[in-house]
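Here is a short walk through one protein model. Keep the sequence and the 3D view at hand as you read.

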Amino acid sequence: MQYLRQVWTVAAKDLRSELRTKEALNASLSFALVILLLFSFAFDPTAEMTREISGGLLWLVFAFAGALLLNRSFARELENDCLDVLVTSPVPPSALFLGKAVANWLLLLGIEIVCLPVFGVFYNVDWARQPAWLAVVLLLATWGITVIGTMFSALTVNLRLRELMLPMLVYPMLIPCLMAAMQLTTALVAGQAPAGDQLAWLRMLAGFDIIFTALSVALVETVLIG
């Protein structure tokens, strides 16, 4: 119970800090909305084309917006040596990592919730035909993005070119997660509930989350302390 309280304390601190400044949140949300708007005017897709590209378009936008958000996760702690204080505090490194991952997960989910209605308006798509399944895919895929992104944010926090290095390291690792999310979202936007191969993609998405969460929790102490 104390461990969960420590995780939530770190998450609440990060949420309060980000909601007070809105530095990364505004940049990520603006980027996502602008990309959705530009694609709708650049390609003027038909209804059939929109159904085919919906999953790929949405998750590319979410992944790029997530990189902007995740870059600040550990970098904001560099001011006044706050990261050193956090690492030497009684909070276990795994609780520090999970707290930051939870905060990033909630912030990225908020961006996605704002983007989906905008996507529906710009592309004239009823994206909520399978709302429960779509929520499951959003929760699982967003956790996959944030757990990988938060881990590499810790790994690159002391690099001078961390804004460049983070996307270069994160996107190759996210390929299985993004492929599963794109396949599932495309089917769900078309109104098809997961069945057959789609269930295999869903199991792969859940397995991706479990494996990389366990690896990150196990390795984060080495990454932060060395």
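Predicted model: local features only at pLDDT ≥ 70, side-chain atom pairs only at ≥ 80, totals over all residues.

Begin with helix 9, which covers residues 175-189. It holds 15 residues. From its first C-alpha to its last it reaches 21 Å, close to the 21 Å expected at 1.5 Å a residue. Which residues of helix 9 are buried? They are Cys177, Leu178, Ala180, Ala181, Leu184, Thr185, Ala187, Leu188 and Val189. An α-helix has 3.6 residues a turn, so residues three or four places apart point the same way. Look next at what lies over the buried residues of helix 9. The cover includes helix 3 (47-70), helix 7 (131-155) and helix 10 (197-225). Just past the end of helix 9 comes glycine 191, with a positive phi of about 90°.

Now turn to the charged side chains. How many salt bridges does a search of the whole structure find? The count is 7. Start with aspartate 14. Its side chain meets that of lysine 13 in a salt bridge, at 2.7 Å from N to O. Aspartate 14 has a relative accessibility of 2%, so it counts as buried. Lysine 13 is partly exposed, at 26%.

Aspartate 14 also forms a salt bridge with lysine 100, at 2.9 Å from N to O. Aspartate 14 lies in helix 1 (residues 2-21) and lysine 100 lies in helix 6 (residues 93-123), so this pair ties together parts that are 86 residues apart in sequence. Both aspartate 14 and lysine 100 are buried.

Lysine 100 has another partner here. It meets glutamate 77 in a salt bridge of 2.7 Å, N to O. Glutamate 77 sits in the loop between helix 4 (72-75) and helix 5 (82-88), while lysine 100 is in helix 6, so the pair ties together parts 23 residues apart in sequence. Lysine 100 has a relative accessible area of 0%. Glutamate 77, at 5%, counts as buried too. Through shared partners, salt bridges join Lys13, Asp14, Glu18, Arg76, Glu77 and Lys100 into one network.

The largest cavity has a volume of about 40 Å³. Its lining includes Ala63, Gly66, Ala67, Leu70, Ile145 and Tyr171. Helix 3 and helix 8 (162-173) are the elements that give two or more residues to this lining. By class, the lining of the largest cavity has 9 nonpolar residues, 1 polar and no charged ones.

The largest pocket holds about 200 Å³ of space. It is lined by 13 residues. Which of them lie nearest its centre? These are Leu78, Leu83, Asp84, Val157 and Asn158. Helix 5, helix 7 and helix 10 each supply at least two lining residues. The largest share, 4 residues, comes from helix 5. The lining of the largest pocket has 9 nonpolar, 1 polar and 3 charged residues.

The second largest pocket has about 170 Å³ of space. Helix 1 and helix 2 (23-43) each give at least two residues to the lining. The largest share, 4 residues, comes from helix 1. By class, the lining of the second largest pocket divides into 2 nonpolar, 3 polar and 7 charged residues.

Terms used:
Residues numbered from 1 in each chain as written. Heavy atoms only, no water. Expected span 1.5 Å × (residues − 1). Buried < 20%, exposed > 50% of the residue type's maximum accessible area, 1.4 Å probe, protein only. Contact = heavy atoms within 4.5 Å. Salt bridge = Lys/Arg side-chain N within 4 Å of Asp/Glu carboxyl O. 1 Å grid on protein atoms, 1.4 Å probe; cavity = no way out; pocket = protein on both sides within 12 Å on 5 of 7 lines; lining within 4 Å. Points joined across faces, edges and corners; volume = space filled by probe spheres on them. Nonpolar A, V, L, I, M, F, W, Y, C, P; charged D, E, K, R; others polar.
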